[in-house]
Amino acid sequence: MDAGTKTWRHDRPRIREILRLESSPGRISVEGWVRTVRHGKGVAFLAVNDGSCLASLQVVIDAAAPAGATLPQVGTGACVRVRGRMVASPGTGQRWELAADELEVLGPVDETYPLQKKRHGPEFLREIAHLRPRTNLFGAVFRVRSRLAFAVHRFFQERGFLYVHTPIITANDCEGAGEMFRVTTLDPFHPPGAAGQAAWGEDFFGEKTGLTVSGQLEGELFAMAFADIYTFGPTFRAENSNTSRHAAEFWMIEPEMAFADLAADCALAEEFFRYLVKVALQECAEELAFFEEYVASGLTARLEAVAAAVFERMTYGEAIEQLQRSGRTFAFPVQWGSDLQSEHERFLTEHVVKGPLFVTDYPVELKAFYMRLNDDGQTVAAMDLLVPRVGEIIGGSQREERLEVLERRMRACGLVPESLRWYLDTRRWGSCPHAGFGLGFERFLMYVTGVENIRDVIPFPRTPGNARF
Ligand code: 4AD
Ligand code: MG
């Protein structure tokens, strides 16, 4: 804890580091939020947490000492600064404790503070999403989220991928599913143009725009210049599906590789997925132990197995056969040509292969216009990665690099090729085989933490009817 140049308080001791020290640092000052207050014989014990780790620092205050006079103002949730000496803790459960002789209340609380009890259910905590980062569960979730976000960049940067910021406001609906949120400055009460006729030409951008559903199309343009690229940004979908796996705003990682086919795409996805799982195991052990105990028992063993596993591959046709042969009755019956529902995906990954599974080569009718048509003329070079408990976690494909085939596919999907002229230009000039995929960051976090609702792995969930905090 060398003071160095004091431009910001980088010398502020963090509880994470303090608790790991081999010898006492002597006198220190710590700031944090009080998790619990316990009164013993002539002393009070404060558990102070600063978010740097799951564990709180035990602070012992002599009730009769001057610092003790401040104790009546200190309740659960208060923000405090304490000073004193780090001493070996006689109690069990911690190596060090802070024998404090100074106690300052930076932010008092009262009894209406909602996080009084030690444990609350996720539903209640979702109602107070602005305070839930102060709980053990959400502290752990968001530390893992931060670490893995950084690991995403490390993975691609170490492999020479260029990071590109694709636009958030866009005029194209990449997935063509019509799930875009509109972006407009037109007055909704007095729109220009004749009644019932939208005058998008008079809107801010001079055309109909919305929030991006994927950065892929712009990512492809960059792949045609930098070969290997990735995006990592917010993505928006106005699908009104109130499920535990869908959010209206989520973060997606989308790599795109020139000179790559579907097999290379799957190989990258597998390496990336395993890398992130290993990072979680190595760098978030404390958090995983917490999830193991309170959220999903068996989690660590499952992650360790995946970190060492070779992912299975199966074509869509084989998947349909497996489902038909299973003897199960599904809510949605299966036949060649029908979309795989989440019950089917979970059956395949949880019961058939019992691990991660790539399903490839879907019927052309089921997939977006940009996927490369296979030689059979009926399927496209698509892949979905399915994992137990979550279902689809990655969607990707080799892209259609042949201009005429792509234009034909667009028309078949009801798109006017001219509307994506800029995209088609890459096929016109210097086109090349290329492939990519999208990993839903929150779905990955659900997988790695065992948390079952997407609303609990994103700081401020946006779902139908909810954008308050
Ligand atoms: O399968 P999707 O729709 O694929 C794409 O968007 C492609 N453009 C990706 C690419 O090839 N570059 O979405 C990719 C992933 C899904 O597998 C899922 O993990 C996640 O994004 N995802 C969602 N996550 C949370 N909430 C939603 N509403 C999601 N929709 C998709
Ligand atoms: Mg998909």
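Q: What makes the crossing of α4 and α11 left-handed?
A: In this predicted model, the crossing of α4 and α11 is left-handed. The term applies because the near helix is turned anticlockwise from the far one by less than a right angle.

Q: Which residues of α4 and α11 meet?
A: From α4 come L217, E218, E220, L221 and M224. They meet W422, Y423, T426 and R427 in α11. By class, the contact of α4 with α11 has 5 nonpolar, 1 polar and 3 charged residues.

Q: Which residues of helix α4 are called buried?
A: Helix α4 covers residues 216-226, and its buried residues are Q216, L217, E218, G219, E220 and A223. The word buried is used for a residue under 20% relative accessible area.

Q: What do the buried residues of α4 pack against?
A: They pack against the helix α11 (421-428) and also against β7 (169-170), β10 (228-236), β11 (249-258) and β16 (434-440). Just after α4, A227 takes a positive phi of about 70°.

Q: What does M383 touch, not counting residues up to four places away in sequence?
A: The residues that M383 touches include L262, D265, C266 and A269. Also among them are F358, V359 and T360, as well as I394, G395, G396, S397 and F437. M383 and Q398 are 15 residues apart in sequence, and their C-alpha atoms are 8.6 Å apart in space.

Q: How is the protein chain divided into domains?
A: Domain 1 is 15-107, and domain 2 is 133-177 + 213-456. The centres of domain 1 and domain 2, taken over C-alpha atoms, are separated by 45 Å. Contact means heavy atoms within 4.5 Å, and 9 residues of domain 1 are in contact with 8 residues of domain 2.

Q: How many helices and strands does the protein chain have?
A: The protein chain has 12 helices and 16 strands. Of its 469 residues, 49% count as buried.

Terms used
Residues are numbered from 1 along each chain as its sequence is written. Chains are lettered from A and ligands numbered from 1 in the order in which they are written. This is a predicted model: local features need pLDDT of at least 70, side-chain atom pairs count only at pLDDT 80 or more; totals for chains, interfaces and linings use all residues. Side-chain values use heavy atoms; hydrogens and water are left out. Buried means under 20% relative accessible area, exposed over 50%, partly exposed in between (1.4 Å probe, protein chains only). Helices (H or I, at least four residues) and strands (E, at least two) are DSSP runs, numbered from the N terminus. Ala, Val, Leu, Ile, Met, Phe, Trp, Tyr, Cys and Pro count as nonpolar, Asp, Glu, Lys and Arg as charged, and the others, Gly among them, as polar. Domain bounds come from an automatic or database domain assignment.
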